[in-house]
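I opened a new structure today and kept notes as I went. These are the entries, in the order I looked things up.

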Amino acid sequence: MTEIFSPTIIEVKNLVKRFKKVEAVKDISFSVAKGESFAFLGPNGAGKTTTIRMLTTLLDPTSGSVILNGFNVDKNPSDTRRSFGIVFQDPSLDTELTAYENMYIHAVLYAIPKDIYTKRIEELMTMVELWDRRDDLVKNFSGGMKRRLEIARGLLHHPKVLFLDEPTLGLDPQTRNLMWNYIKDLREKEGLTVFFTTHYMEEADRNADRIAIIDHGVIVAQGKSEDLKKQTNTETLEDAFLALTGKDIRETTGSDGGNMMKMWHGRR
Amino acid sequence: MILYILWLRQIKRYLRSKSRIVGSLGQPILFLVALGFGFGPIYAKAGGGDYLQFLAPGIIAMSILFTAIFAGIEVIWDKQFGFLKETLVAPVSRTKIMIGRTLGGATVATIQGLIVFIITLFIGFRPVSILMAVFSFVIMFLIAMLFTALGTAIASRLEDMQGFQLISNFLVMPIFFLSGALFPVDSLPKGIEVVVRIDPLSYGVDALRGALSNTAHFGLGLDLIVLVSFVVIITIIGAWQFSKIEI
């Protein structure tokens, strides 16, 4: 990849987020080039989700700046929001609506023209194998089906930057593969930039051009997968990750479903 | 289009929760029957006339108040179950999102008011004029807007449903009981009268009474001015609170 020559699409400078007592993100800086696939890895509670929330206008930074697609995230949230799409770590569907209605609301919110969204909704829902269930209420879906629907919805408006916060958690390898193939296709056709977090190291290894590893709110290393392995003298990305972040288990909670509000506020 | 889709979402959620619709009719029916027929004779003896004619607009206002506040409070559910995030990262102004969902919630509350209105007709309530009865639908919508926006403003600041009991007991119930929905406000002790005059629902109840029974105490004109002003102010506050949500 020729990231040195590509223009930057995400520029993060000295970003800090302090909650009442804890400093969740401590002065991090990094940049992502246009068209790049960037993995943001770290143990539970390292500050990944907090960073994504700041990058996606859901949370105001304590200090520092984020420029996304040329827009200052803090000062110009509307233009920023037009530039990205996101698949959240925890559920964000309306379970009282049908699968199709969830897709349709998204299409309207992002002002996608009708002829495009009609086609795309069918295409994406077929991809995640939910087209036959489109008129079912989401509350009757299993966890995996909901996850698949979230992914289909996040891809619906073909954004400039796509944030994926542990998108493949709880997905079977088949769907995971389909999802990454669709994204690969979008990157080639539309120059999509991808920013994702994951706990599956082999997923990061396979799908990221560059990787940043964050721990305790600080970026401890960034570069290509090979660079990280070389730097730590390890064979696999998993070993590199463990070498960089230590082996003790973090006390903060995991990231699967359920009521996340309280955890969010306790999470670093 | 955005306003419409967010409005439609509230309506669909409402129409799909049949048990909620039926459940929320229990209270107004109980109030109408128990209070209407229970206090009717005393009210007539005291020279007040037909108590049901007096009570019905108050109970219609009550059901709108409860449904509307609840519709506003739904923001907390959306926070907890996640759908709020979907709307907050969309390239749409938060004011639009707030207004869309408030219009939806207010429509739901107005429908609830209409259902209760129809029930009162079966129990024996008789509006004085059909034209004014139709106009009362506008008043119902104003009451609904006011309290949906209020519910939204409050819910924007709350993290979870734990504060709901507090709001219900220290805000919603006082608003209802001190609005003159159940009793005439013309010969009250001074202290209570002041509270009644501050309570925005008093003007909603009074306007409905003016339109349906032709017995407004403050006068329909003043009622409407107060209601519209409250709707504007509370919607602005609600939109402002909503725009400050961080999740």
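I read helices (H or I, at least four residues) and strands (E, at least two) as DSSP runs, numbered from the N terminus.

**Ground rules.** This is a predicted model, where local features need pLDDT of at least 70, side-chain atom pairs count only at pLDDT 80 or more, and totals for chains, interfaces and linings use all residues. Residues are numbered from 1 along each chain as its sequence is written, while chains are lettered from A and ligands numbered from 1 in the order in which they are written.

**Confidence.** I checked the scores next. The model has ipTM 0.88 and pTM 0.87. pLDDT is the predictor's confidence in each residue, from 0 to 100. Chain B averages 94, and 100% of its residues score at least 70.

**Helix α5 of chain A.** I looked up α5(A), residues 143-155. Its 13 residues reach 19 Å from first C-alpha to last, close to the 18 Å expected at 1.5 Å a residue. The expected span is 1.5 Å times one less than the number of residues.

Is this helix mostly covered or mostly uncovered? I call a residue buried if 20 or more other C-beta atoms lie within 10 Å of its own, exposed if 12 or fewer, and partly exposed in between. By that rule α5(A) is mostly covered, with 10 of its 13 residues buried. Among the buried ones are A:Arg147, A:Glu150 and A:Ala152.

**The core.** Leaving out residues up to four places away in sequence, A:Ala152 touches A:Met103, A:Leu124, A:Met125, A:Met127, A:Val128 and A:Leu130. A nonpolar core is a set of buried Ala, Val, Leu, Ile, Met, Phe, Trp, Tyr and Cys residues joined through C-beta atoms within 7 Å. The largest one here has 141 residues, and A:Ala152 is among those with the most contacts inside it, along with B:Ala61, B:Leu65, B:Ile143 and B:Leu146. Helix α3 of chain B (residues 51-81) gives the largest share of this core, 20 residues.

**Where the chains meet.** I counted 25 residues from chain B and 24 from chain A in the contact. On the chain B side, α1(B) supplies the largest share, six residues. By class, that side has 11 nonpolar, four polar and 10 charged residues. Here Ala, Val, Leu, Ile, Met, Phe, Trp, Tyr, Cys and Pro count as nonpolar, Asp, Glu, Lys and Arg as charged, and the others, Gly among them, as polar.

**Strands of chain A.** Two strands pair if DSSP finds at least two bridges between them. I started with β9(A), residues 210-215, where five of six residues are buried. Four bridges join β3(A) (37-41) to β9(A), running parallel. A:Phe40 stands opposite A:Ala212 there. Five bridges join β9(A) to β10(A) (218-223), running antiparallel. A:Ile214 stands opposite A:Ile219, and A:Asp215 opposite A:Val218. Two residues lie between the strands of this hairpin, and A:His216 takes a positive phi near 50 degrees.

I then noted an open sheet of four strands in chain A, β2-β1-β4-β5, with antiparallel pairing. Its edge strands, β2 (23-33) and β5 (71-72), each pair on one side only.

Technical notes: Contact = placed C-beta atoms within 7 Å.
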